[in-house]
Each structure stands twice: as structure tokens, then as C-alpha cells.
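The report below works through selected side-chain and helix geometry in the model shown here.

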Amino acid sequence: MGYILQNNIFSFCSLNDLHGSNKQEIWISSATFAMDHCSRQKSLSLHQVCAGDYFLPTKYCVPWKRLRCRSSRGSVLVDRVNEVGHEDRPFESHHVGNCDGSKLMRSVGSNKSADSPASSRDGAFVDNDERTNNNILQKLCSRGKTIIAARLIEIMARKSQVPHFPSCTNLIRGFAKSRQLDQACKILNIMVMSGGVPDVITCNMIIGGLCKSGHLRSAVDLVEDMSLSGCSPDVITYNTIIRCMSDNGNVNQAISFWKDQLTKGCPPYLITCTVLIELVCKYCGAARALEVLEDMAAEGCYPDTITYNSLINLTSKQEKYEDTALVMHHLLSHGLQPNNVTYNTLVHSLSSHGYWDEVDEIMKIMNETFNPPSHVTYNILINTLCKAGLLDRAISFYRTMVSEKSSPDIITYNTLLSALCKEGFVEEGIQLFYLMVDTSCSPGLVSYNIVIDGLSKMGATEAMELAKKLHDEMVAKGISPDYITYSCLFWGFCRLDQLELAVEILKEMHMKKLKNKSSAYRYVILELCKQRKVDVAIQALALMIQSHYKPDERVYSALIKAVADEGMVKEANDLHQRLIDWKILKKGVMLS
């Protein structure tokens, strides 16, 4: 069925306030909406756009409220469309690709003289037919000429031409990403009124932008309009609105909004229900969250263990263990059973805060139920114990894992390796490292780096020999050393005053395009100069410059002094003078 809207006036609220502009209210008169196959006419009374159930009227609203067209080939004629946030620009002045706008228009066989009644603002688009303008629109979009493309869409709307919907969608997303929400909503309005159906991702981008910009009311209006335009809101849509309301201190408003959506037939998304309950718990406490949970169940949105786990996670992180116990009681009273996630969450929280007796009780309960501790549970405990410096208990849990055939994974081994090496038990760490080789969990890059770092900090020649051996071993296995590997080796050789080997590490890093820190180059150059190893120091200096680091005056001065100490006073003075001429060094006393 086709409609023509005659002599209807409705308020189009601009989005200029996003950019700090004053309120603008534009009245669009005589809006005419014509379908291709219109068999009869009917006058419609248009309501003001700013109507809303949750807010008082504001100046910022989505402009297509209650205007819908189901036809894929509808057309729209709007007498006047506001150009918000941009000054009028003649299209002839814009460049598209390697040619300006006028050349592009002439290339498709259409142009307009400067003294034409249609002003330079409309450019050459006014005389084009729909197909020509859509071809131009697609070219403009592909070349990133978004402002011109947006203007073209407005002109097409005035001429009752249907714009290319995929181009409209791309423009809307682009404007939404750049926070030009006024332009995004304007094009969305034209697209919908022309018979296009926006996709949920595009709408969600605008809704997210509106919420971040503090225009919650307009975001809610858009959600209300989505279903009527053929694009139903999804979980992300509802989650965005609910989070925005709650984070702005309007938790009760979020609850009312979700209840209202459920009443209107919205699917009872469990994820959205869980998000809402968690936010209520965060801002209003666990008792209020459980009340809302009961209300949601009455609306057909039944919570599951995941919902309760989110509450347990939140309350335990806040160390509100009385609330945690309340949630657990509620879970059990509703016939649900804790799962591994529930127990692991409790173990992680309790162990992190040092409640080891309570941890032992949880572990006992897990062993007595159908949820025995898994490798995740043991990894949580081992990690927490290692951070607390309780290595004996951590190793004890590791042995329990092995004995109960709860196979340790790479996380288990790396956690223990790191703790052992940091505490100075490098030899024990090496034993554990080689124990990994005999299991299905082979050492990886992180494992090698941990052990090499531990060995390099021992300050012993034998330790550095083993570290270099491990480096060669990992290369042979196809594991590429990274910056951490080479950095550990470099400083290990520096600690032993094996500076030539340290420079070799720098060379290897340079070959693999890995940059060390400027302090590393500076340190090794200065130390080499102290030892009068000028040739090696110059090699390190070259590597430093090739790595795009600028040596300072101290480095050059040390190098000049080292050259002079080698008996080459004339060469040192020449180098000194040359650096002064290059304005690298300041004038000073020449060497003698």
C-alpha cells in the first residue's frame, strides 16, 4: 500500500549539540512520500519525534520516529533538509580522486551552469537521474569523500530518488565511528524513509555513540524505532542501553527499561539479564540484585548458573563474602548446583586475600562432589602461592596434580619456573625445565626465556655457558629467540665483563632487526673505551647509529679519549675537531 503525506509538519531535532552548537529546530513542511506503485492515497498525522516513555523531551532525537516504508523501491521528497555542522560548499570545489567534482559530473554527462537557479551548493547533482547519482555516490564513498556523498544523498531525497543503500550504510558507519552522529542519523533517516532497512550492526554503532556522548534518550528512541523499521534490536543493543543507564546512576531506569522490553515481546536474552543483575549488584548490592533476579524470572527470563557466577565473582572481588554466601544460598535454594567456574572463582578470591583455611574447605567440597579440582583450579592456587612466596605449598600442589593425573600444562610449569628463578632456585628451575621435556608439555619461548634470564643473573661463567647452550638449543628446535632472550644474554655477558660477546649479541639482534635499548649500546661502548678496546667500541657505535640511536657527548668523548690512550693523539685530535665541525661536540681543550 502506498501513502502520500500532504501538508504535515513535524519537528526534526538536529544533533548539533554534540559539537557544542546551539539548539536548532527545523520545520520540514509538505513532506511528500510517494511509492512506485501507489494505488491510493491516505493522509497521516505525524507525531512529534521527541516523544519518549523514559525521559522528558530534549532537543536531541532520532529523526525517523514512526516514519516507516516497507517497500524496497519507495521514494521520498523532502522540501528542505538541514545541513548540520558543515558550511555550504559548492561541489565544484571538492576533489574526488585525481579529478575535481565538476570533472566527475561531466564524465557522467551532467553539469549545471553557475547562474542556474539550483545554486552551486547543489552542484551538478540536481539534473542527474537516480542511476547516475547512485553511480557517483558509490564512487564518492569508495574514495572517502564522505561529506560530498552525504550532501548527494540529501539532494537525491529532495528529488525523490532512492539512494544506494549499501553506500548509505557505509556512510552511516563512517560518521558513527568519527562521532559525527548528526550526519549518521540524517542519512539513516533518509535511508529508512526511502525504503531501506538498516542492519543491526549499523544501528548499534549509532546507539553506542549516542550513549557515549551522553544522549541516552535519543539512543532509547532509536531502539524503539528499530523493530518498526525491520531491524530488530539484539543483545548488544540492549546491553549498551542498560550499561549506559546504570553507569549514569539510573539503575532503576535500566530495570524498568528491560522489563518494558520483555513486556513488549522482546526475547528474554539471558546475557542481557545477567548484565542487568550484575550492574544492580554493583551499584545497589547483592540483596537488591537477587530481588530483581526474582522479578526477571516472573517475566520469563530465568537465571542460570552463569548469572549466579557473575554475582559470586563480583561480590568476592569486593571481599563482601557475606553477600557471596547469600548468593550461594539463593543458587542452591533454586535447585541449581555450583560448577567448576563457581568453585574456581571462590578459590581465586579467597586465596588472593590469604584465606587459606577457607580455600582448603572449598577444595574438600570439590573433592566430595562431582566437580573435583581441575588443572585450572590448581593453576590458580599455584600462581597465588608463588606470588605470596609460598613455594613449598605450590610445589606440593604440583605434585598433587601429577599424582591425581590432572596433567600440568604449560601455564603450570612456567608459573613454577618463574617463581623458582626469581627466588634464586635456578638449579631447581633447570631440573623442572628438563622434566618438561619428558612430558607432553614441551618448553616454549617463554619457558626458555625464564631459565635463560635466571642463569644470566647468576653472574657465573658456567651459568652463561648453559644459557648460550639453551639459546642454541631453542634455535635448533625452530623456536625463534625474541628481544627478551637476547636482552638476557647481553646483560649476562656484561655482568661477567665479557663485552666482546655482548657486542656479538648486539650484532645478532641487528641482523634479526631487533633493537636493544639505547642504554645498552651506551653502556657497552663506555666500558669498552675504559678497557681501551677501541675497535670493538667503534663496532658497537656503528650498531648504535644503525639502530637510529643518537650517541651523546659522553660516548664520543670516551671514544676520543680511548683513541688517545692508545697513543694515537693526532688521530684523536682530528676526530675531536671533526666532531666539533659537525656540531656534535662543543669546543674544548685539544689532547696533547
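Tyr 238, Phe 257, Trp 258 and Tyr 269 form one aromatic cluster, where rings of Phe, Tyr and Trp (its six-membered ring) are paired if their centres lie within 6.5 Å, and where planes under 30 degrees apart count as stacked, over 60 as edge-to-face and the rest as tilted. This is a predicted model, in which local features need pLDDT of at least 70 and side-chain atom pairs count only at pLDDT 80 or more, while totals for chains, interfaces and linings use all residues. Residues are numbered from 1 along each chain as its sequence is written, and side-chain values use heavy atoms, with hydrogens and water left out.

By the ring rule the count comes to 11 aromatic pairs. In one of them, the ring centres of Tyr 238 and Phe 257 are 6.3 Å apart and the planes stand at 50 degrees, so the pair is tilted. Tyr 238 belongs to helix α8 (residues 235–247) and Phe 257 to helix α9 (residues 251–263), so this pair ties together parts that are 19 residues apart in sequence; helices here are DSSP runs (H or I, at least four residues), numbered from the N terminus. Tyr 238 is buried, with a relative accessible area of 5%, and Phe 257 is buried as well, at 0%, given that buried means under 20% relative accessible area, exposed over 50% and partly exposed in between (1.4 Å probe, protein chains only).

An edge-to-face pair is formed by Tyr 321 and Tyr 355, with 5.6 Å from centre to centre and 85 degrees between the planes. Tyr 321 lies in helix α13 (residues 321–333), whereas Tyr 355 lies in the loop between α14 (340–352) and α15 (356–368), so the pair ties together parts that are 34 residues apart in sequence. Tyr 355 is partly exposed, with a relative accessible area of 32%.

A ring also takes part in a contact with a charge: Lys 515 lies over the face of Tyr 549, at 4.7 Å from the ring centre. The criterion is that NZ of Lys or CZ of Arg is within 6 Å of the ring centre and within 35 degrees of the ring normal.

Turning to the cysteines, a disulfide is taken as a pair of cysteine sulfur atoms within 2.5 Å, and by this rule the count comes to zero disulfides. Two of the cysteines are set out here.

Asn 379 is found in helix α16 (residues 375–387) and is buried, with a relative accessible area of 11%. Its side chain is joined to that of Asp 409 by a polar contact of 3.1 Å, a term for a pair of N or O atoms within 3.5 Å in which, within protein, one must be able to donate a hydrogen and the other to accept it, and for which residues adjacent in sequence count only if both atoms are side-chain atoms. Apart from neighbours within four places in sequence, Asn 379 is in contact (heavy atoms within 4.5 Å) with Met 401, Asp 409, Ile 411 and Thr 412.

Helix α12 (residues 305–317) has 13 residues and reaches 18 Å from its first C-alpha to its last, close to the 18 Å expected at 1.5 Å a residue, the expected span being 1.5 Å times one less than the number of residues. The helix is mostly covered, with 10 of its 13 residues buried, including Tyr 308, Leu 311 and Ile 312. The buried residues of α12 pack against α10 (270–284), α11 (286–298), α13 and α14. Asp 304 caps the N-terminal end of α12 through a side-chain oxygen 3.1 Å from the backbone nitrogen of Ile 306, and α12 is followed by Glu 319, whose phi is positive, near 60 degrees.

For α14, the end C-alpha atoms are 18 Å apart, in agreement with the 18 Å that its 13 residues should span at 1.5 Å a residue. Among the buried residues of α14 are Tyr 343, Leu 346 and Val 347, and the buried residues of this helix pack against α12, α13, α15 and α16. Asn 339 caps the N-terminal end of α14, with a side-chain oxygen 3.1 Å from the backbone nitrogen of Val 341, and Gly 354, whose phi is positive, near 80 degrees, follows the helix.

Definitions and conventions: Helix = DSSP H or I, 4+ residues; strand = E, 2+ residues; numbered from the N terminus.
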